Structure formats: structure tokens, C-alpha cells
Amino acid sequence: GQLDKLAKEAGLLYFGTAVDNPSLNNQNYLRIARDPAEFGSLTPANGQKWSNTQPSQGRFTYGSGDAIANIARQTGQQLRCHTLVWYNQLPGWVSSVYNRDQMQQIITAHIQNVAGHYKGRCYAWDVVNEAVEDDGRYRNNPMYRAMGVDYITHSFKVAQQTDPAARLYYNDFNIERCCNAKINATIAMIRTVKAAGAPVHGIGMQGHSRVGMSPSKREMKETMARFSELVDEVAFTEVDIRHTKLPIGAAERKQQGRDYMEVVGACLEMPKCVGITVWDFTDQYSWIPQQYPGEGEACLWDRNYNQKPAYQSIVALLQSA
Ligand code: G3I
């Protein structure tokens with residue numbers, strides 16, 4: 001393994017991957033996921049989300065998240081923890097709360113329990129995920145309906161009280177290519193909640209994109225320059241670059257490699273970009289085909305655990321950095 005080793009040599013803090021629970025009984029998968037020279041950071045793809053950690057009110061379950069956190073503990077890999085407050089994978093009992101004080105208490109209890117459980121083990125927490133729409137409006141989710149934008153401020157405050165050592169991130173998709181309505185709204189939102197006392201340390205750009213249509217290094221650097229005025233650090237948190245038509249040939253594979261290099265190159269060239277996480281590393285377990293039927297092969301390894309040209313491109317770029 002070499003991605004994390006080379007990334008660190010090139011000045012980044014880590015090169016990481018998301019890991020989901022169904023893959024944990026696959027030895028081919030584990031050999032790569034547990035290699036700290038390949039991945040210096042793990043992110044549970046689902047295990048720490050609300051529907052997994054507090055499926056019914058007051059009942060906290062940590063088995064799925066712990067399975068991945070415990071690997072990181074054994075191997076010395078870092079943990080990027082994901083995610084405390086998100087409209088998706090939110091249990092029904094939360095979405096049926098409309099009262100402001102009740103919602104505030106529910107968020108407080110959730111963060112105190114979950115961030116408390118993982119206290120001291122998360123390099124970073126994605127405290128709030130995907131709170132802004134592509135058109136720039138606040139996402140009209142149950143937390144927003146009950147509390148307005150205060151739910152974001154409140155979540156960051158409780159996260160900091162609970163785990164003062166964790167870097168606290170706002171995380172979203174479609175905020176890579178400068179500068180669309182969503183990026184402008186995200187900047188305005190971060191300013192608003194910071195002015196209200198929210199300790200936002202980082203902005204996570206998820207980095208899901210499509211081969212041949214993904215943002216250029218220049219566009220991403222422009223975004224990061226703007227984010228860097230607001231926060232201490234930025235990161236690519238969920239990178240995968242999918243083919244929109246399958247099957248593909250050599251030219252498409254090469255293009256995917258170039259697209260990945262734009263992301264890695266952008267991070268390397270921005271002082272506040274601390275690292276890159278891919279949203280799983282093998283096509284065998286990628287979320288893409290389920291969500292976008294007919295699309296996929298978005299990862300750095302194919303489903304038979306062969307490294308793709310995109311992997312080699314990243315290695316070459318990191319080696320030359
Ligand atoms: O756990 C149930 C299982 O009990 C059931 O039998 C099965 C049947 O479909 O579904 C299982 O839940 C699935 C869950 O993943 C756990 O595997 C959901 O259907 C499925 O929708 C869910 O997808 C996850 C998705 O978030 C949900 O929005 C993906 O694995 C996960 O990779 C993805 O990750 C998100 C990030 O958290 C935020 N950014 C976008 C990214 C991609 O959507």
C-alpha cells in the first residue's frame with residue numbers, strides 16, 4: 001500500500017477511505033482497508049449515522065460504527081467520523097418533531113451520546129451534512145423546520161462541548177466547482193453560524209463526480225481559496241468519479257485517472273487542504289450502481305481488487321509532488 005504513505009510525504013495529513021459494514025467479512029477487502037500505508041484514515045460509510053446510532057429515542061446502538069472504529073484503533077489509522085446531523089438516514093421519530101425546544105433537546109442528546117461515545121477517537125466529525133440545496137436555499141429538513149438555521153449553530157456548539165479535540169466540519173456535495181449558488185450560499189451560511197458562535201473548523205467537499213465532467217483543479221482551488229478565508233482546514237471527504245456509460249474502454253479509464261489527479265492536485269496545492277477520502281475504494285462495494293443504475297466503476301480498485309489506471313495516476317502525482 002502506498003496512497004497514505006505518499007500523501008504524507010507530499011505534505012497531506014492523510015489519504016483515507018470510507019468503509020461500510022457489509023464488506024468487513026471479505027478478506028480481500030480487509031487486506032487493503034486495514035493497511036495504514038494505503039489508507040491513513042477510515043470513515044464509517046453508514047455506521048455512525050442517526051438511523052444506526054439512535055434508531056429509536058434514547059436507544060443508542062454503536063455496533064456498526066464500532067466495528068470500523070475498532071479497526072482504526074488496532075491499525076493506528078485515523079478516524080473521520082460521519083455524521084451527526086443529516087436529513088437522510090434520519091429515523092422517523094425525529095422527523096415527526098416540530099417543536100423547537102423539543103428538537104433542540106433531541107439534537108443535544110444525540111450529539112452528546114454519539115460524539116461522547118467516540119470522544120477522543122475522531123480526528124474530525126462531519127457535524128452537519130448537506131444543509132444547503134443546489135439552488136442556495138437552506139434544505140427544508142425536519143431540523144430546519146423546527147429551529148431554522150439555529151439547528152446548525154447549536155449542533156456545532158454541542159459537538160465542541162462534547163469532544164473538544166475533534167475538528168468540526170460542515171460537509172456537502174456539489175461545492176467543488178467554483179462558484180455556483182450552492183457555494184455562495186454555503187459561504188453565507190458558514191458566516192452566519194460562525195457569527196452566532198458555532199465553532200466550524202473545516203469544510204468538507206464530498207467530491208462525487210462523473211468522468212469527463214468533473215471540476216478542474218483551477219475551479220476547485222478557487223473554491224478552496226474562498227473556504228480558506230472562513231475555516232482552518234478543508235478536505236475532500238467522499239471522492240468517487242463514476243462512469244456514466246458502461247462498459248468502458250481504455251480511453252475512459254485514462255480520463256478517470258486524469259479526473260482523480262485534478263482532485264489530488266488541487267488539494268496538494270492548497271495550504272489548508274489536509275487530506276482526501278475516497279467513498280470506498282473498490283467497485284465491489286460502491287454505492288453508485290444502487291443509486292444510479294447503469295453508472296459506476298467509480299473507485300480506484302475494480303471489483304476484483306485490481307488497481308486501476310486512476311490509482312496509478314494518483315501514485316505518480318503524489319510521487320512527483
Ligand atoms: O440497512 C439496510 C438493510 O437493513 C436493508 O436490508 C437494505 C435494503 O436496501 O438497506 C440497508 O440500508 C441501506 C444503507 O445504505 C446501508 O447499507 C440503504 O438502503 C441505502 O440507501 C444506504 O445508502 C447509503 C447512502 O449514503 C444513504 O443516503 C450508502 O451506503 C452510503 O454510501 C451513502 O453515503 C452518502 C454520505 O453519507 C453522504 N454523502 C453522500 C453519500 C452517497 O450517497
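**Entry 1: helices α6 and α8**

A crossing of two helices is right-handed if the near helix is turned clockwise from the far one by less than a right angle, and left-handed if it is turned anticlockwise. With that in hand I looked at α6 and α8 in this predicted model, and I noted that α6 passes α8 in a right-handed crossing. I then looked up which residues make the contact. On α6 they are M103, Q104, I107, T108, I111, Q112, A115 and G116. On α8 they are Y151, H154, S155, V158, A159 and T162. Sorted by class, I have seven nonpolar and seven polar residues in this contact, and no charged ones.

Two packed helices are described by the angle between their axes and the distance between the axes. For α6 (residues 100-117) and α8 (residues 150-162) I wrote down an angle of about 35° and an axis separation of 9 Å.

**Entry 2: around the ligand**

Which residues surround the ligand? I listed D20, A45, N46, N88, Q89, N129, F173, Q206, E238 and W287. By class, this shell has five polar, three nonpolar and two charged residues.

**Entry 3: strand β9**

I went through β9 (residues 273-278) and found it mostly covered, with six of its six residues buried. Next I looked up its partners. Strand β1 (residues 14-19) runs parallel to β9 and is joined to it by four bridges. Strand β8 (residues 233-242) also runs parallel to β9, with three bridges between them.

Which residue of β9 is the bridge partner of F15? I found I276. I looked up F236 as well, and its bridge partner in β9 is I276 too.

**Entry 4: R253**

I placed R253 in helix α11 (residues 250-269).

Leaving out residues up to four places away in sequence, I found R253 touching I248, K308 and P309. I also checked R253 against E297, which is 44 residues away along the chain; their C-alpha atoms are 9.5 Å apart.

**Entry 5: backbone exceptions**

Most residues other than glycine have a negative phi, and most peptide bonds are trans. I went looking for exceptions of both kinds.

Which peptide bonds did I note as cis? One runs from H82 to T83, with omega near -5°. I located T83 in strand β3 (residues 78-85). Another runs from C178 to C179, with omega near -10°. I located C179 in the loop between β5 (167-172) and α9 (181-195).

For positive phi I noted D280, which is not a glycine and has a value near 80°. D280 sits in the loop between β9 and α12 (288-291). I counted D280 as buried because 26 other C-beta atoms lie within 10 Å.

Y305 went into the notebook as well: its phi is positive, about 70°, and it is not a glycine. I found Y305 in the loop between α12 and α13 (309-320).

Technical notes. Residues numbered from 1 in each chain as written. Predicted model: local features only at pLDDT ≥ 70, side-chain atom pairs only at ≥ 80, totals over all residues. Axes fitted to C-alpha atoms, helices over the stretch in contact; angles between N-to-C directions. Helix = DSSP H or I, 4+ residues; strand = E, 2+ residues; numbered from the N terminus. Contact = placed C-beta atoms within 7 Å. Nonpolar A, V, L, I, M, F, W, Y, C, P; charged D, E, K, R; others polar. Near = placed C-beta within 6 Å. Buried ≥ 20, exposed ≤ 12 C-beta atoms within 10 Å, placed from the backbone. Pairing = 2+ DSSP bridges.
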